[in-house]
Amino acid sequence: MLAIVNTKRSAREIFKHIQDKLGKETPYRIFHLSTNMCPAHRSRVLKQLRERLKDKDSGEKIICISTSLIEAGVDVSFERVVRSLTGLDSIVQAAGRCNRNYETSCGIVSIINLRDERTGGQGYLKEAQKATQELLYSIKISPEGYPGGALSQAAMEEYYARYFHHLLGEMAYRLKFDPEHTLLDLLTSNPSGQRGFKETFPQERPPELKQAFKEAGEAFSVIDDDGKVDVFIEYDDEAKKRLQKLREATTLQEKRTALRQLQPYTVQLRENDWIKTQRTALAPEDGGILVLPPDYYDEEYGVDETLSIKMETLII
């Protein structure tokens, strides 16, 4: 069985709960996957998971608890998939991990609404959940309108219509530095720019092109990465060797190459109170990277944000 949840915290807590319930003497093999694990760690776990899934003679029953990272680009197949409530597009991706290799005559995909799953920092997840709930209710009361059920084209089109309807206000892309105006304003009439021009050059004729293309480009980002910080993990001997290469690098090119080689051992964390405390204590300079000692990295969960961690700052 594969269970996909919306937060790293949920994945960890469910994994731990199942472990405690089953105990050590059990026919079940449990796997955990989340982005609190560095890419090298996740790759190793996925390799083990695939091997266990292929070994039908072992008698082991496989349970994998994962965040959404497993939904795309990961070729695994389970007889049953349980997905925490999310957008229909993600549910379709999750369903793609079910009965992929025809292990059974009919795979089962279940959608659950987890209690107390804290998803406040996940962009528009609440709107996606609401659109999915509304759609599933419509399918329940009028199934004839959705031939093929929740995975039909009609269902998907209605989901996106509902989802974007909930986001109409957000899609105006209000400017952080000027909430009264939007990104569209910058690309069209640019009222604040025109007003500023008149105040600065009252005698001058306004320019023919009013748009602020450069400012709009700087204001817009497809993925908002504010509040994120990269942390290097001394996961294994290879990670330590690569870190040492960075320490020994002397030229800019050597440093760039060494930094790229650290990527499989880097975890991106939200700069919450836990990280802010460490950064404040360390006061890292610009260009520094945070290095997490191996004692604070769990072999099953990855970065353990419940511990009080002293991170080394490596200045490059």
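Helices (H or I, at least four residues) and strands (E, at least two) are DSSP runs, numbered from the N terminus. This is a predicted model, in which local features need pLDDT of at least 70, side-chain atom pairs count only at pLDDT 80 or more, and totals for chains, interfaces and linings use all residues. Residues are numbered from 1 along each chain as its sequence is written, and side-chain values use heavy atoms, with hydrogens and water left out.

**View 1**
Along the sequence, R118 and S10 are 108 residues apart, yet their C-alpha atoms are 8.3 Å apart in space. Setting aside neighbours within four places in sequence, R118 is in contact with T7 and R9, where contact means heavy atoms within 4.5 Å.

**View 2. T67, in another loop.**
T67 lies between β3 and β4 (80-84). Is T67 buried or exposed? Its relative accessibility is 6%, so T67 counts as buried. Beyond its neighbours within four places in sequence, the contacts of T67 include I4, V5, T7 and K8. A11, L33, S34 and T35 are also among them.

**View 3. Parallel strands, side by side.**
Two strands pair if DSSP finds at least two bridges between them. β3 has 5 of its 6 residues buried, so the rest of the structure largely encloses this strand. On β3, 6 bridges make the link to β2, and the two run parallel; here L33 stands opposite S66. β1 and β3 are also parallel, with 3 bridges, and L2 faces C64 in that pairing.
β4 is mostly covered too, with 4 of its 5 residues buried. β1 pairs with β4 in the parallel sense over 3 bridges, and I4 has R83 as its bridge partner in β4. Between β4 and β5 there are 5 bridges, again in the parallel sense, with S84 opposite I112 of β5.

**View 4. An antiparallel pair, β6 and β7.**
Strand β6 (residues 228-233) and β7 run antiparallel and are joined by 5 bridges. V231 stands opposite V267 in β7. Which residues of β7 (residues 266-270) are on its covered face? V267 and L269 are there, while T266, Q268 and R270 make up the uncovered face.

A nonpolar core is a set of buried Ala, Val, Leu, Ile, Met, Phe, Trp, Tyr and Cys residues joined through side-chain atoms within 4.5 Å. The largest such core has 39 residues, and those with the most contacts inside it are C38, L49, C64, I70, F78, I233 and Y297. Two or more residues come from each of β1 (2-4), β2, α2, β3, β6, α9 (237-248), β7 and β8 (288-292). α2 gives the most, with 5 residues. In soluble globular proteins, nonpolar side chains tend to be buried together.

**View 6**
Rings of Phe, Tyr and Trp (its six-membered ring) pair if their centres lie within 6.5 Å; planes under 30 degrees apart count as stacked, over 60 as edge-to-face and the rest as tilted. By this rule there are 8 aromatic pairs. Y160 and F164 have ring centres 6.1 Å apart and planes at 20 degrees, so they are stacked. Both lie in helix α5 (residues 153-166), 4 residues apart, about one turn of the helix. Y160 is partly exposed at 31% relative accessibility, and F164 is also partly exposed, at 38%. Y159, Y160, Y163 and F164 form one aromatic cluster.

Notes:
Buried < 20%, exposed > 50% of the residue type's maximum accessible area, 1.4 Å probe, protein only.
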